[in-house]
Structures are given as C-alpha cells and as structure tokens.
Amino acid sequence: FKGTGGGGGGGGKKAGKKRPASFMSSPSSGLSSSRPSGTARQSSGGSATSAKSSSARNGMTPRRGAAPPAASSASPAAVVGTCQDLEKAYLRLTSAPRPSEVRPPPVLRRALAHVMERWRRDEDYAYAREQLKSIRQDLTLQHIQDAFAVEVYKTHGRIALEVGDLSEYNQCSTRLRELATAGVVVDVMDEFDGYRLLHALHHADSLEISSTLRSPEFSSARAGPCVGFALRVVMAVSNEDASEFFRLYRTAPHMSAYLMDFMVLRMRRALLRRMARAYAPSLPVSVVAQRCAFPDEESCRAFLVSEGAVLRGGPPPPPPPEERRGKKKKRRGGGGGGDDGDDDDDDG
C-alpha cells in the first residue's frame with residue numbers, strides 16, 4: 001500500500017473482490033496512518049538512514065527483526081437484501097452481491113414455506129434443491145445465524161437424505177455443527193449426530209467414527225436416542241450381526257433408515273449365507289423375507305434369484321453357459337447314436 005494522503009491506494013485491488021473495510025479507513029487509523037513513503041525520517045544518522053527506512057517502507061528490503069504485516073481477518077460485510085422474489089435461481093457468485101439480488105429474512109421465510117408446499121405436492125427434488133440452495137446462499141450473504149437458519153439447514157438435510165443426495169446432506173450437517181459451535185441453539189443435534197455416525201459407517205470411515213466419538217462436543221449428546229441408536233447399528237455392522245441390524249432397521253428413528261438403506265444389500269447377503277448353511281438343504285422364502293426385512297415375498301424372491309438361489313415351485317434359473325453350449329452340440333449331432341451324444345456332452 002502506498003501511504004499517500006487519504007489511505008490505502010487501489011492499485012492492489014483484485015477484480016470481483018471487495019476490499020475489506022479495514023483497508024478503506026481514514027488516514028488516522030490502521031495501515032493508512034503510516035507516513036508517506038516519500039517522506040524520510042529526519043535523524044542524526046543522515047541521508048543513509050533516511051534512504052534505508054524509505055526502501056524498507058516501499059517493501060524492497062525489510063528490516064531485520066521486523067514483524068510481517070498482519071493479514072486482515074475481517075469477513076466481508078453483510079449484505080442487507082431488498083429482493084422480494086419468492087423464487088430465485090441458485091447461481092455461484094462471481095462478483096460482489098448486490099442488495100437487489102438478495103432476499104431479506106421475511107421473504108426467505110415465505111420462500112421456505114413455498115418450497116415445502118411444492119415438495120409435499122410434487123416431490124420435485126431438482127426444483128427443491130435449487131431453491132433451498134438459493135435460500136442458504138442468501139442466509140450466508142447476510143450473515144444470518146439464528147433459529148431460522150437452523151430450520152433451513154435441517155429441512156434441506158432431511159430432504160436430501162430422503163432422496164439419497166448425500167453430498168447436500170453432508171453440507172447441511174456440517175453447517176448445523178458450525179452453527180452449534182457459534183452458540184446458536186440447534187435442537188436437532190442429537191438427530192444429526194446420529195446421522196453423522198451412520199454416514200461414516202456407510203463409507204467404512206473408522207477414523208471418522210473414532211474422532212466423532214472422542215470429540216468433546218459429542219460426549220454431551222451420547223445419551224440421546226438417535227446417537228444411542230446409531231451406536232447400536234455401528235456395533236451390529238462391526239460384529240456382522242445381520243439379525244440385530246435388521247431388527248434395528250425396522251425401528252429406525254427419524255431418517256436413519258434412509259442411511260441404513262445403503263448398507264442393506266451387504267447385510268442381506270451376509271445373513272443369506274449364514275441361513276443357507278444353517279437351514280441346508282433348503283429354507284422357506286417366508287423366513288428369508290422376514291429375517292431380511294423385505295416388504296413382501298415377491299421382492300424377496302427377486303433377490304434370491306439374483307443371488308443364484310433355486311426356488312422350488314417357480315421358474316428354474318437359466319442354465320450356466322457351459323451347459324447351454326453342451327446342449328447345442330448335442331442337437332447338432334442329429335440322428336447320431338447315443339455314444340456320439342455322450343462324447344459331445346463330455347467335450348462340452
């Protein structure tokens with residue numbers, strides 16, 4: 001910065017980024033209060049001292065032991081929105097936002113109610129996702145951290161879980177934890193801490209599970225019902241206890257079952273292998289459907305066929321490729337004797 005006259009010059013300003021207010025202050029405050037670089041300090045050291053101090057202030061050769069200039073930690077100033085549009089497309093910011101493009105809190109409350117009404121009626125997630133991200137963006141630009149912000153993030157997080165959008169859910173969950181750390185009352189931390197454990201379990205992230213359980217802010221919520229449920233699911237999956245997993249799956253609180261859906265196929269396969277060994281040579285389809293938490297026997301039958309099971313009383317599974325090739329060779333033998341057909345089968 002060139003300390004000429006009225007405060008920090010604009011030569012170093014980056015396009016599209018607003019300079020922090022601390023750098024736009026009057027000459028009597030902050031960095032702008034330093035003497036102009038062209039005015040050398042008069043001292044008994046003569047012109048050499050003046051030249052050295054002048055070059056140091058110009059940034060060419062810093063003096064020994066001098067501390068580097070402190071970086072500004074001030075966040076961009078909050079925008080006071082004036083936009084009255086109920087719906088607004090979500091766009092990534094490439095320049096400083098204008099107040100006419102940001103909606104104030106009263107409009108955002110009506111916008112959230114409008115989005116939820118459309119979601120309950122149409123279940124159009126593409127529309128709901130864009131509008132909720134736009135509402136979140138307006139909250140961030142205005143530095144709004146209150147109960148309404150908690151309502152927006154928990155609503156979007158739950159809808160994202162319902163449709164399996166783990167990326168948006170993870171952003172909302174992280175933001176809720178940041179709001180709680182900032183001192184905002186978040187009445188759903190037990191619920192989302194439970195989701196956090198199940199999300200880490202789905203990704204087999206043992207380090208995340210361990211760090212979550214050891215974190216000091218997590219210890220106070222450990223006794224909550226959702227966290228306690230998630231811990232029992234973690235134990236069931238770690239011990240490969242599929243029976244306990246599906247018992248918990250039927251009684252999952254809130255949206256926990258949507259996260260457990262990502263682990264259901266793996267646990268069903270593990271339980272089917274154990275049941276096949278225990279019930280050999282056969283077992284009723286109804287037992288598999290009940291133990292593996294299938295909604296009906298038809299979906300259970302489809303799962304068993306996909307896993308290579310032979311269903312009694314139903315259509316047989318397709319023969320393996322080797323057997324099909326052998327039958328084709330036998331038919332090509334035409335009216336040949338039985339020995340030729342046997343030789344063809346042996347070759348197949």
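The entries below go topic by topic.

**Ground rules**

I am working with a predicted model, in which local features need pLDDT of at least 70, side-chain atom pairs count only at pLDDT 80 or more, and totals for chains, interfaces and linings use all residues. Residues are numbered from 1 along each chain as its sequence is written, and side-chain values use heavy atoms, with hydrogens and water left out.

**Entry 1: helix α6**

I took helices as DSSP runs (H or I, at least four residues), numbered from the N terminus. I started with α6, residues 189-202. Does its length agree or disagree with its residue count? The expected span is 1.5 Å times one less than the number of residues. For the 14 residues of α6 that gives 20 Å, and the end C-alpha atoms are 20 Å apart, so the two agree.

Next I checked burial. Helix α6 is mostly covered, with 12 of its 14 residues buried. Among them are Met-189, Asp-190, Glu-191, Asp-193 and Leu-201. Just after α6, I noted a positive phi of about 55° at Ala-204.

I then picked out His-199, which lies in α6. Its relative accessibility is 15%, so His-199 counts as buried. What does His-199 touch beyond its neighbours within four places in sequence? I counted a contact when heavy atoms are within 4.5 Å. His-199 contacts Leu-166, Tyr-169, Asn-170 and Leu-259.

**Entry 2: aromatic rings**

I described each pair of rings by the distance of the centres and the angle of the planes. Rings of Phe, Tyr and Trp (its six-membered ring) pair if their centres lie within 6.5 Å; planes under 30 degrees apart are stacked, over 60 edge-to-face, and the rest tilted. I get 8 aromatic pairs by this rule.

Tyr-169 and Phe-192 have ring centres 6.5 Å apart and planes at 15°, so I logged the pair as stacked. This pair links distant parts of the chain: Tyr-169 is in helix α5 (residues 166-181) and Phe-192 is in α6, 23 residues apart. Tyr-169 is buried at 1% relative accessible area. Phe-192 is also at 1%, so it counts as buried.

Phe-245 and Phe-246 gave another geometry. Their ring centres are 5.3 Å apart and their planes stand at 85°, so this pair is edge-to-face. Phe-245 and Phe-246 are both buried.

**Entry 3: charges over rings**

I counted a charge over a ring if NZ of Lys or CZ of Arg is within 6 Å of the ring centre and within 35 degrees of the ring normal. The charged end of Lys-133 sits over the ring of Tyr-90, 4.8 Å from its centre. Arg-268 places its charged end over the ring of Phe-294, 3.8 Å from the centre.

**Entry 4: cysteines**

How many disulfides does the structure hold? I required a pair of cysteine sulfur atoms within 2.5 Å. I found 0 disulfides. The closest cysteine sulfur to that of Cys-292 is in Cys-300, 6.5 Å away, which is too far for a bond. Cys-292 is buried at 0% relative accessibility. Cys-300 is likewise buried at 0%.

**Entry 5: salt bridges**

My rule was a side-chain nitrogen of Lys or Arg within 4 Å of a carboxyl oxygen of Asp or Glu. The structure holds 19 salt bridges. I wrote down several.

- Arg-98 meets Glu-101 at 2.5 Å, N to O. Glu-101 is partly exposed at 34%.
- Arg-118 meets Asp-122 at 3.2 Å, N to O. They are 4 residues apart in helix α2 (residues 105-122), so about one helical turn separates them. Asp-122 is partly exposed, with a relative accessible area of 39%.
- Glu-168 meets Arg-129 at 3.2 Å, N to O. Here distant parts of the chain are linked: Glu-168 is in α5 and Arg-129 in helix α3 (residues 125-141), 39 residues apart. Glu-168 is buried at 2%, whereas Arg-129 is partly exposed at 33%.

How values were computed. Helices (H or I, at least four residues) and strands (E, at least two) are DSSP runs, numbered from the N terminus. Buried means under 20% relative accessible area, exposed over 50%, partly exposed in between (1.4 Å probe, protein chains only).
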